[in-house]
Amino acid sequence: MTELRVLISDDDVMIRDVLREVLDSESDIAVVAVAGDVDEAIRLAERHRPAVAVLDVRMPGGGGARAAREIARCSPGTAILAFSAYADRASIAGLAAAGVTEYLVKGAPNSAIVEAVRRLGGQPPS
């Protein structure tokens with residue numbers, strides 16, 4: 001089985017570290033890049049072409065919607081998972097319009113995060 005390549009982008013270093021730890025602990029998932037803002041996420045997506053990008057909704061540089069639009073442009077094979085503390089309809093609708101494939105609220109169980117990444121990356125559940 002091929003490793004699923006993942007980009008994580010969140011402006012909170014603790015969230016980035018936890019996501020990386022959770023995803024890297026899975027034998028079929030490899031975190032290939034970690035970003036702290038939108039511009040860095042876009043650059044890293046273009047460089048690494050991950051299967052899945054996990055994006056915070058509210059980050060410096062234009063937020064998750066801008067990151068999703070630009071990543072879809074520069075790395076069209078990358079599926080986008082929004083990961084946010086905000087679950088309001090306006091945020092979700094704005095992200096869906098920007099090309100976000102799936103939306104998880106922070107606080108979701110680690111297993112839900114792993115399952116969403118696998119689903120978006122086309123990997124069967126393990």
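**Close-up views of a predicted model**

**View 1. Salt bridge between Arg-118 and Glu-26.** In this predicted model, the side chains of Arg-118 and Glu-26 form a salt bridge, with N to O at 2.7 Å. Arg-118 belongs to helix α5 (residues 110–120) and Glu-26 to the loop between α1 and β2, so the pair ties together parts 92 residues apart in sequence. Arg-118 counts as buried, at 7% relative accessibility, while Glu-26 is partly exposed at 24%. A search of the whole structure gives eight salt bridges.

**View 2. Salt bridge between Arg-66 and Asp-39.** The side chains of these residues meet at 2.9 Å, N to O. The pair links helix α3, which holds Arg-66, to helix α2, which holds Asp-39, 27 residues apart. Arg-66 is partly exposed, with a relative accessible area of 28%; Asp-39 is also partly exposed, at 36%.

**View 3. Network of Asp-10, Asp-56 and Lys-106.** Salt bridges link these three residues in a network. The closest N and O atoms of Lys-106 and Asp-56 are 3.4 Å apart. Lys-106 lies in the loop between β5 (102–105) and α5, and Asp-56 in the loop between β3 and α3, so this pair ties together parts 50 residues apart in sequence. Asp-56 is buried at 5% relative accessibility, whereas Lys-106 is partly exposed at 24%.

**View 4. The largest nonpolar core.** This core has 22 residues, and Leu-7, Leu-55, Ile-71 and Ile-80 have the most contacts inside it. At least two core residues come from each of β2 (29–35), α2 (38–48), β3 (52–55), α3 (63–74) and β4 (79–84). The most come from α2, with five residues.

**View 5. Negative surface patch.** Asp-11, Asp-12, Asp-17 and Glu-21 gather in a patch of negative charge on the surface. Asp-17 is in helix α1 (residues 13–24) and counts as partly exposed, at 48% relative accessibility.

How values were computed: Residues are numbered from 1 along each chain as its sequence is written. This is a predicted model: local features need pLDDT of at least 70, side-chain atom pairs count only at pLDDT 80 or more; totals for chains, interfaces and linings use all residues. Side-chain values use heavy atoms; hydrogens and water are left out. Patches are made of residues with over 30% relative accessible area and no salt bridge: like charges are joined within 9 Å, nonpolar side chains (Val, Leu, Ile, Met, Phe, Trp, Tyr) within 5 Å. Accessible areas come from the Shrake-Rupley method with a 1.4 Å probe; for residues, only the protein chains shown count as cover. A salt bridge is a side-chain nitrogen of Lys or Arg within 4 Å of a carboxyl oxygen of Asp or Glu. Lys and Arg count as positive and Asp and Glu as negative; His and the chain ends are not counted. The place of a charge is taken as NZ of Lys, CZ of Arg, CG of Asp or CD of Glu. Helices (H or I, at least four residues) and strands (E, at least two) are DSSP runs, numbered from the N terminus. Buried means under 20% relative accessible area, exposed over 50%, partly exposed in between (1.4 Å probe, protein chains only). A nonpolar core is a set of buried Ala, Val, Leu, Ile, Met, Phe, Trp, Tyr and Cys residues joined through side-chain atoms within 4.5 Å.
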